[in-house]
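Take a moment to turn the model around on your screen before reading on. We will walk from its overall build to its inside, and then out to its surface.

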Amino acid sequence: MKIIKPLLALLLLTPFSLLAQDKIYRTDGEVIEAKVLEIGNQEIKYKLFNNLNGPQYNIFKSAVSKIIYENGTSDSFTITDSKSKVADGKRAQNVFVEIGAQGLLFTANYDTRFSKKRNGIGGRVGFGLLGADGVTLFTLPVSLNYLLGDGKNFFEIGLGATYASLDENSDSEIFGSGSTVIGTMAFMYRLQPVNSGFSFRGGFTPVFNSSGFIPYYAGISLGYTF
């Protein structure tokens, strides 16, 4: 009986001793048996459970998926980055100058997404006024576009129309003379920063109207994303 009683006591206490520890689950799959001391804004401070009198360790919260405490409660840490936060809550808008492309020659433009996203459906509108050798061309491009991609690299597909007004003393195979509306398409690469900054577009933008079709028309743009 003297031996049985200590064994029974040991068996009863063993499950509680196994539970009397915190478990830190790292994002790489490792589980640390520990005693959590403090959870800060950026770091978690702890001691190893098998060496509570030993040194204190720190681990970044970004490296931890969850903590299960000795009393059975838990904390979960959502892994997010600046890209996903912006993508979920901020509408991408751009201002840019364009050479060629859907603006035809040289235009200033504004582009926006229609929802609070950095990709998806959106539109642009702009205007241009160019004069040389007594010839004046006014353009007003309007189009819908769709951005495929994520992060800062996108492929843009667009369809629109550009109002063009050329003075009566000039004539052009595609523009004609006077006023006309020209159909435009866009197949372009777009560099659009995650938050804000320099933006770039470049690619092919076929144009067409009743007078003809130019499949190899192209252009580039430089601007700012916010």
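The protein has two helices and 16 strands, where helices (H or I, at least four residues) and strands (E, at least two) are DSSP runs, numbered from the N terminus. This is a predicted model, in which local features need pLDDT of at least 70 and side-chain atom pairs count only at pLDDT 80 or more, while totals for chains, interfaces and linings use all residues. Residues are numbered from 1 along each chain as its sequence is written, and side-chain values use heavy atoms, leaving out hydrogens and water.

Of the 226 residues in the protein, 36% are buried; here buried means under 20% relative accessible area, exposed over 50%, and partly exposed in between (1.4 Å probe, protein chains only). In soluble globular proteins, nonpolar side chains tend to be buried together.

Which residues make up the largest nonpolar core? It has twelve residues, namely Ile24, Ile32, Ala34, Val36, Ile44, Tyr46, Ile59, Ala63, Val64, Ile67, Tyr69 and Phe77. A nonpolar core is a set of buried Ala, Val, Leu, Ile, Met, Phe, Trp, Tyr and Cys residues joined through side-chain atoms within 4.5 Å. Strands β2 (31-39), β3 (43-48) and β5 (64-68) each supply at least two residues of this core, and the largest share, three residues, comes from β2. A second, separate core has seven residues, including Leu104, Ala164, Ile182 and Val207.

Now follow the chain to strand β7 (residues 93-100), which runs antiparallel to strand β8 (residues 106-113) and is joined to β8 by seven bridges. Strands count as paired if DSSP finds at least two bridges between them. Valine 97 stands opposite alanine 108 in β8. Five residues lie between the strands of this hairpin, where alanine 101 takes a positive phi near 60 degrees. Next, six bridges join β8 to the antiparallel strand β9 (residues 120-132). β8 and β9 form a hairpin too, with six residues between them, and arginine 113 has glycine 122 in β9 as its bridge partner.

The protein exposes about 13,300 Å², and carbon and sulfur atoms supply 62% of it; accessible areas come from the Shrake-Rupley method with a 1.4 Å probe, and for residues only the protein chains shown count as cover. Tyrosine 163 lies in strand β11 (residues 153-166). Is this tyrosine 163 buried or partly exposed? Tyrosine 163 is partly exposed, with a relative accessible area of 32%.
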